[in-house]
Amino acid sequence: TMDGDGCSATCRTAACGDGRLDAGEECDDGNMVNDDMCSNACRTARCGDGIRHTGEECDDGNAIDDDMCSN
């Protein structure tokens, strides 16, 4: 987008998944792969986000350390 106004130089509305980093997005890789380093919600992968990413044995998305998946 130009100046973060929500409209790109090609007159497209800014949106998660368009491959451009827009306001409110941590990342935007432009694909629909949810378990890579950028989720489909345009958030950077992290332990505890509820998505099992490469290298994680589990990710239940909660902060309970004594269940089947530790923090």
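**View 1. Cysteine 47, an exposed residue.** At 52% relative accessibility, cysteine 47 counts as exposed. The model shown is predicted. Which cysteine sulfur is closest to that of cysteine 47? The sulfur in cysteine 69 is, at 6.7 Å. That is too far for a bond, because a disulfide needs sulfur atoms within 2.5 Å.

**View 2. Cysteine 69 and its disulfide to cysteine 58.** A disulfide joins the two residues, with 2.1 Å from S to S. The torsion about the S-S bond is about 95°, so this disulfide is right-handed. Are the two partners buried or exposed? Cysteine 69 counts as buried, at 6% relative accessibility. Cysteine 58 is partly exposed, with a relative accessible area of 30%.

**View 3. The surroundings of cysteine 69.** Leaving aside residues up to four places away in sequence, cysteine 69 touches Cys58, Asp59, Asp60 and Ile64. Glycine 50 is 19 residues from cysteine 69 in sequence. In space, their C-alpha atoms are 11 Å apart.

**View 4. The link of cysteine 16 and cysteine 42.** These two cysteines form a disulfide, S to S 2.0 Å. The link is right-handed, with 105° about the S-S bond. Cysteine 42 is buried, with a relative accessible area of 2%. Cysteine 16 is partly exposed, at 37%.

**View 5. The link of cysteine 27 and cysteine 38.** Here a disulfide spans 2.1 Å from S to S. The link is right-handed, with 100° about the S-S bond. Cysteine 27 and cysteine 38 are both buried.

**View 6. Cysteine 11 and the pairing pattern.** Cysteine 11 is exposed, with a relative accessible area of 65%. How many disulfides does a search of the whole structure find? It finds 3. With the bonded cysteines numbered in sequence order, the pairing reads 1-4, 2-3, 5-6.

**View 7. The setting of the close-ups.** The protein has 0 helices and 0 strands. Its C-alpha trace spans about 50 × 20 × 10 Å along the principal axes. The radius of gyration is 15 Å, whereas a compact globule of 71 residues would have one near 11 Å. Of the 71 residues, 20% count as buried. Among contacts between residues at least 6 apart in sequence, 5% join residues at least 24 apart. Side chains include 5 positive and 18 negative ones. The centres of these two sets lie 7 Å apart.

Notes:
Residues are numbered from 1 along each chain as its sequence is written. This is a predicted model: local features need pLDDT of at least 70, side-chain atom pairs count only at pLDDT 80 or more; totals for chains, interfaces and linings use all residues. Side-chain values use heavy atoms; hydrogens and water are left out. Helices (H or I, at least four residues) and strands (E, at least two) are DSSP runs, numbered from the N terminus. The radius of gyration is taken over C-alpha atoms; the globule rule is 2.2 Å times the number of residues to the power 0.38. Buried means under 20% relative accessible area, exposed over 50%, partly exposed in between (1.4 Å probe, protein chains only). Contact means heavy atoms within 4.5 Å. Lys and Arg count as positive and Asp and Glu as negative; His and the chain ends are not counted. The place of a charge is taken as NZ of Lys, CZ of Arg, CG of Asp or CD of Glu.
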